[in-house]
Amino acid sequence: MVKDKCICLICRASVAIPKRGNLERHHKTVHKNYEKDFPPQSKLRKRKVRDLISCLKKEQTMFTRPAKQSKATTIASFKISHILAKHKKPFEDESVAKEAFIEAGETLLGDFKNRIDIMSAIRELQLSRPTVTRRIEVMSQA
Ligand SMILES: [Zn+2]
């Protein structure tokens, strides 16, 4: 539960009516492979759940996060927008870039102590289409 909303730990979707049946339906349809990828009682699952919870907590405290971090996130977002523009890639690619980033990060950072911090910084990257479009406009005016 986040404020009054019931949020899915995995995809951040909010479930309208937080009843057991609704939650189960969401989990079984949207996250079909979860049971298989993270078997119940497994260490993998415990770690996954712990990561998911701490990620969510990090996001909740995002507003109290030091300005330096959000500046770094903005710069990173500008750099990715610039690369996409330079290679004349469609803006749809920015979400692909982010997805690749997250996947690679989770694999590469493995057991790094600050993995969760790094991953939450990546997740904060603003790479939605309007953001990227705005970034490119700003850069082309400079
Ligand atoms: Zn979900």
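Between domain 1 and domain 2, about 790 Å² of area is buried, and carbon and sulfur atoms give 60% of it. The size of an interface is often given as the accessible area lost when the parts come together. The model discussed here is a predicted one. On the domain 1 side, the residues that lose the most area to domain 2 are Leu9, Arg12 and Tyr34, and together they account for 66% of what that side buries.

The two parts come from the domain assignment of the protein chain, which places residues 1-37 in domain 1 and residues 43-141 in domain 2. Their C-alpha centres are 23 Å apart. Seven residues from domain 1 and 10 residues from domain 2 take part in the contact.

Next come the charged pairs. The rule finds one salt bridge across the interface of domain 1 and domain 2. Arg45 and Glu35 form a salt bridge through their side chains, with an N to O distance of 3.4 Å.

The wider fold can be read along the chain. The protein chain has seven helices and two strands, and from the N terminus on the order of elements is β-β-α-α-α-α-α-α-α. Taken along the principal axes, the C-alpha atoms fill a box of roughly 55 × 35 × 30 Å.

Helix α5 covers residues 93-109 and helix α6 covers residues 115-123; their axes come within 10 Å and cross at roughly 175 degrees. An angle over 145 degrees counts as roughly antiparallel, and α5 and α6 are therefore roughly antiparallel to each other. From α5, the contact uses Lys98, Phe101, Ile102, Gly105, Glu106 and Leu109. The residues on the α6 side are Arg115, Ile118, Met119, Ile122 and Arg123. Sorted by class, this contact of α5 with α6 consists of six nonpolar, one polar and four charged residues.

Technical notes: Residues are numbered from 1 along each chain as its sequence is written. This is a predicted model: local features need pLDDT of at least 70, side-chain atom pairs count only at pLDDT 80 or more; totals for chains, interfaces and linings use all residues. Side-chain values use heavy atoms; hydrogens and water are left out. Axes are lines fitted to C-alpha atoms, for helices over the stretch in contact, and angles run from 0 to 180 degrees between N-to-C directions. Helices (H or I, at least four residues) and strands (E, at least two) are DSSP runs, numbered from the N terminus. Angles under 35 degrees count as roughly parallel, over 145 as roughly antiparallel, 65 to 115 as roughly perpendicular and the rest as oblique. Contact means heavy atoms within 4.5 Å. Ala, Val, Leu, Ile, Met, Phe, Trp, Tyr, Cys and Pro count as nonpolar, Asp, Glu, Lys and Arg as charged, and the others, Gly among them, as polar. Domain bounds come from an automatic or database domain assignment. Buried area is the accessible area (1.4 Å probe) that two parts lose on being put together, summed over both. A salt bridge is a side-chain nitrogen of Lys or Arg within 4 Å of a carboxyl oxygen of Asp or Glu.
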